[in-house]
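The sequence and structure come first.

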Amino acid sequence: MSEAATHEATRTYDVIVIGAGPVGENVADRTSAAGLSTVIIERELLGGECSFWACEPSKALLRPVIARADARRVPGLRQAVGPLDVPAVLAHRDDLANHWHDEDQVGWLNSVDVDLIRGHGRLDGPRQVTVHTPDGGTVRLTARHAVAVCTGTSAALPDTPGLDLARPWTSREATSAGEVPGRLVIVGGGVVAVEMAAAWQALGSQVTMLVRGELLSKMEPFAGELVADGLREAGVDIRFGATVATVHREGREARMTLADGTQLAADEILYATGRSPRTGDVGLDTVGLAPGDWLTVDDTGQVTAIAEGWLYAAGDVNHRALLTHQGKYQARMIGAAIGARANGEPVDDTRWGAHVSTADHTAVPQVVFTDPEVASVGLTTRDVADSGRRIEVVDYDIARVAGAHQFAEGYRGQARLLIDLDRGTVAGATFVGPGVGELLYSATVAVTGEVPLERLWHAVPAFPTISEVWLRLLETYRDRHQPRRKPATHSSPKE
Ligand SMILES: Cc1cc2nc3c(=O)[nH]c(=O)nc-3n(C[C@H](O)[C@H](O)[C@H](O)COP(=O)(O)OP(=O)(O)OC[C@H]3O[C@@H](n4cnc5c(N)ncnc54)[C@H](O)[C@@H]3O)c2cc1C
Ligand SMILES: NC(=O)c1ccc[n+]([C@@H]2O[C@H](COP(=O)([O-])OP(=O)(O)OC[C@H]3O[C@@H](n4cnc5c(N)ncnc54)[C@H](O)[C@@H]3O)[C@@H](O)[C@H]2O)c1
């Protein structure tokens, strides 16, 4: 269907989706597939943060960086590897961000029979949504069955004195900038910080990271340590325990004073200090909720504070897992749940049922695209530290795997499994090293499928691939529990 007319208008749909990022698009697709009339509202670009200022452009910047690092570790090839062609990398990034145009997504939306209204959507009481369109019009919408808020997040900035006037970069500028800053200071030690440090250092910036705690503090500690080693080797100056006290900009130069009195100057400062939900201006107050809050949902995506069950929230805005793939997974489940409820069909909200996002609790996969890469799913030792769960940790040095020798000379990497001793299954896996991102789906299947260790012995990794680390981890666990027996010494029967 085409873009709906946007003057003074009143319309009724079965489902209204606010926000056409990757998650809103998938909710709309699934409700439409369930035979429900569906409209989606978008105030910027269809495809949201992910397509234009996050996943797609950042990975387009990082792919050449990682490929070059990998190539430099291959004898016979490293001599042929030169510097990055920066204009070509930026042009490739622009292509993958579709030059910040969304016609492709509009075409797709039409193909799945979802109406689009461009403008800013706000709740206006139960099941009501008002859209203010760019041409100054107003569209009043009523939902027969459900409203899904999929408005995502924006960069969260601290209230550091002077910051508001210092024109800092957020993830948006860091993923879309057309020029390489000579000196880039990055505040934060999370995923955005390490990925953007890797990208811009390789593109020619001198990057300084100001990290108040650890790098990648939600992951296994060895992940942050190995990524820090990689960044330092690339030339990044990482300062731990560093906090910015004040910032100001003088012309093209930003100046910072740290809490310990150190002075720093930079051309740009990137604040990669987490995310805030885009719920400050979506009319939450009209349905009894607090503007600016995350929207807490149950496993079928219903906002728990709305007893009547018509309000859903999916993706970043519900704060369950701020990742595109996990939000799209929620969208598939939530869209199906809305469809089932509207069509009077049973809702399967049992663990791993067809209408619940069970994996959010137990099996969230994530790849950090740095050199080395980090790939992680399920529990970490941080999660289980005080949980009382009977978990055994199995570690293996990936450099000892034959496939790793083939992959890279001087391979460095580390793998860890968390074994749930009561269930006999893998509850978490983390791999750090070149090329480990593509290992992650195997771990996700093992954790999600709760595959018994006995059966994993029959999942044979091909030789010589890095995935043989699975076999080495199983062997390490087995040898700890079933120590090798000494062969009985042969003695001839006495004559
Ligand atoms: C630098 C960076 C890199 C990332 N890389 C990865 C990665 O590699 N892999 C990964 O899985 N995740 C990554 N993420 C996370 C990923 O971007 C988010 O998890 C994902 O975009 C969330 O999708 P969403 O649809 O919930 O929200 P968004 O993508 O934020 O989309 C929300 C949409 O709602 C619209 N909207 C908001 N309010 C309104 C309103 N009132 N009316 C109308 N429209 C509205 C917005 O304009 C936007 O289009 C990255 C994030 C960042 C910042
Ligand atoms: N490859 C990927 O999957 C990928 C890539 C980028 C982002 N993302 C997702 O996007 C989300 C946002 O990433 P992020 O890195 O912005 O957030 P984050 O929560 O991962 O990290 C925020 C960092 O900023 C620090 N910080 C917070 N407030 C601070 C302050 N006032 N001063 C100094 N440091 C401060 C924190 O200690 C932490 O190191 C994450 O949930 C992440 O999963 C995913």
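**Helix packing and ligand shells**

The crossing of α1 and α9 is right-handed. The model is a predicted one.

**α1 and α9**

- The axes of these two helices, α1 and α9, come within 8 Å and cross at roughly 25 degrees.
- Angles under 35 degrees count as roughly parallel, and α1 and α9 are therefore roughly parallel to each other.
- On the α1 side, the contact is made by Pro22, Val23, Asn26, Val27, Asp29, Arg30 and Thr31.
- On the α9 side, the contact residues include Thr324, Gly327, Lys328, Gln330, Ala331 and Arg332; among the others are Ile334, Gly335, Ala336, Ile338 and Gly339.
- Sorted by class, this contact of α1 with α9 holds seven nonpolar, seven polar and four charged residues.

**α3 and α7**

- The axes of α3 and α7 come within 9 Å, with a crossing angle of roughly 60 degrees.
- That angle makes α3 oblique to α7.
- The crossing of α3 with α7 is left-handed.
- Ser58, Leu61, Leu62 and Val65 of α3 meet Glu195, Ala198, Ala199 and Ala202 of α7 in the contact.
- Six residues of the contact of α3 with α7 are nonpolar, one is polar and one is charged.

**Ligand 1**

- There are 37 residues around ligand 1, and Gly19, Gly21, Gly48, Gly152 and Gly315 come nearest.
- Two or more residues of the shell around ligand 1 come from each of the helices α1 (22–33), α2 (48–53), α3 (55–71), α6 (171–176) and α9 (324–342), and from each of the strands β2 (38–42) and β4 (120–123).
- The shell around ligand 1 is made up of 14 nonpolar, 16 polar and seven charged residues.
- Domain 1 (10–47 + 102–154 + 276–359) and domain 2 (163–273) each give at least three residues to the shell around ligand 1.

**Ligand 2**

- Ligand 2 is surrounded by 22 residues, of which Pro158, Gly188, Gly190, Val192 and Leu322 are the closest.
- At least two residues of the shell around ligand 2 come from each of α7 (191–203) and β17 (366–368).
- α7 gives the largest share of the shell around ligand 2, four residues.
- The shell around ligand 2 has eleven nonpolar, eight polar and three charged residues.

Technical notes:
Residues are numbered from 1 along each chain as its sequence is written. Chains are lettered from A and ligands numbered from 1 in the order in which they are written. This is a predicted model: local features need pLDDT of at least 70, side-chain atom pairs count only at pLDDT 80 or more; totals for chains, interfaces and linings use all residues. A residue is near a molecule or strand if its C-beta atom, placed from the backbone, lies within 6 Å of it. Ala, Val, Leu, Ile, Met, Phe, Trp, Tyr, Cys and Pro count as nonpolar, Asp, Glu, Lys and Arg as charged, and the others, Gly among them, as polar. Domain bounds come from an automatic or database domain assignment. Axes are lines fitted to C-alpha atoms, for helices over the stretch in contact, and angles run from 0 to 180 degrees between N-to-C directions. Angles under 35 degrees count as roughly parallel, over 145 as roughly antiparallel, 65 to 115 as roughly perpendicular and the rest as oblique. A crossing is left-handed if the near helix is turned anticlockwise from the far one by less than a right angle, and right-handed if clockwise. Two residues are in contact if their C-beta atoms, placed from the backbone, lie within 7 Å.
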